[in-house]
Amino acid sequence: MGTIQTEPTKINSHSSEKVHTSSVVLKGSVFTLPILKLSSCDLDLVEKDLTLRLSTAQSFFKNAPVVIDLEFTHDLTPEIRFTQLEALLRKHQLVPVGVQNGTQKQNEAAINAGFAILTGQSIDKIIEADRSRRDEAQEAAQKQDAMPKVSTSIVMTEASKMITHPIRSGQRTYAKGGDLVLLGAVNAGAEVMADGNLHIYAPLRGRALAGLDGNTESRIFCQSMEAELVAIAGNYRVFEDNIPPEIFRKSVQIFLDGEQLKIEPIV
Amino acid sequence: MAKVIVVTSGKGGVGKTTTSASVSTGFAKRGHKTVVIDFDVGLRNLDLIMGCERRVVYDFVNVIQGEATLKQALIKDKRLANLEILPASQTRDKEALTLEGVEKVINQLRETHEYIICDSPAGIETGAIMALYFADEAIVVTNPEVSSVRDSDRILGILQSKSKRAIAGQEPVKEHLLITRYSPTRVQEGEMLSIEDIQELLGIPLMGVIPESTSVLQASNAGVPVIHDDMSISGLAYQDFVARLLGEDVPLRFLDPEKKSFLKRLFGT
């Protein structure tokens, strides 16, 4: 994956000392993109399921670039009509950038429709490959589980979200289906949420809610505990001026021990 | 290239209008053609502080609604030739401003002026959004107290999400922190937040500290921006602030409590 960066062209008007630096610079960069796994070629059905999926998180996917995964569509007939698929995704304010895991024939059709062919590995796959090295038998069992018995035609997988700027009073941010990594402070009056864990490498002064979809295993990590409220899977605790001194402004982790919310310093 | 600078804070009464008046005067004094716009439609104050309230005929809303030309509404400052004021309307409300109208006026001013200072109303509603929407830079005015810092944090979030630069994905609005009504004695006694506390909470570059001084109130009442007053520490601090905005490296001053004179110490006053 690459970006094209444009820089102003510098041309000196005196022809004898004409200096010309390139107007484009090609650079490599790594992006995390949501993947749209297709398991049907019936675009009406796809649209119906897509509308349903997006209705819960419209703003998070607005104008989001997506990669279409064709893994489950190899034997499907009729062939996928990529041009129509693109129009459908654009209608729902998604920006399709490419396809992955397609057959030779599918890839050719996709290229003709203006898609890029990506060969990225999903995080799941990397973990899976890692596991397979350790335990082949387990891997076989896992593969059977992972095979598409899904009733819906679309599985949307999203990776974790990382934010480098501070979250300010009145702002909210939410990592759906993953972890939220924050490099700037969460200021008083701000709210950060994740279905997975929260990692805050800065002071936490606002509200932090992890395990929003009910995952009791999720945790909150922060570098300076000054929170107004913390919650894991709906179990919350508010702090007025009563943050215990042994954790106040300390690096802590917050997790659930049964129903009990535990806050422990990280040494 | 003209620069649009919004003076904003979220909270009211922290010194936005005082700052707008002094900063625009400061730019003009240093030879830059400057205009200051009052966005506080319905509660106009800038013209009072600039001492031109009796010369307001047409205002910002008249221009937006096509009832007057920009030239008719601009008031020339009585002291500085390259400073103009675009006053707000006292009889209308903030709904009279439209983004299209404001954009038209600002684009027109960009042609003729170097600095366009937008004096924002308090709050986070229409008027404040209009004032910050077209900004290239923002002066965030904060007092050394918790509620003011909280509101400044809120307005910084809005700058980063609702300004034109943020929406268009351009280079973000450049933020400058200005602490006003700073009283070193009260900070020392723990009654006010320290500069370090405020900076840590807001995390944007500190560009100036204006000490609390009675000369600010006197200047406002007299309709003379305090930056004109070379005898006032607030006026001098505003002069320093303007110099820093223009890229000069000027150290902060007036941050230590005033030392009591020998006689005062002797008589305990």
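How many salt bridges are there between chain B and chain A? I looked this up before anything else. The count is three, a salt bridge being a Lys or Arg side-chain nitrogen within 4 Å of an Asp or Glu carboxyl oxygen.

Ground rules. I am working on a predicted model, where local features need pLDDT of at least 70, side-chain atom pairs count only at pLDDT 80 or more, and totals for chains, interfaces and linings use all residues. Residues are numbered from 1 along each chain as written, chains are lettered from A and ligands numbered from 1 in written order, and side-chain values use heavy atoms, without hydrogens and water.

Entry: the salt bridge at B:Arg150. I found its side chain paired with that of A:Glu228, at 3.7 Å, N to O.

Entry: chain B side. Helix H7 (146-162) and helix H10 (195-202) of chain B each supply at least two residues. H7(B) gives the most, with six residues.

Entry: extent. I noted eleven residues of chain B in contact (heavy atoms within 4.5 Å) with nine of chain A. The buried area (accessible area lost on being put together, 1.4 Å probe, summed over both parts) is about 870 Å², and carbon and sulfur atoms give 35% of that. In chain B, B:Arg150, B:Asp153 and B:Arg154 lose the most, together 49% of what that side buries.

Entry: A:Ile35. I placed this residue in strand E3 (residues 35-38) of chain A. Its C-alpha atom is 9.0 Å from that of A:Pro65, 30 residues apart along the chain.

Notes. Helices (H or I, at least four residues) and strands (E, at least two) are DSSP runs, numbered from the N terminus. Buried area is the accessible area (1.4 Å probe) that two parts lose on being put together, summed over both.
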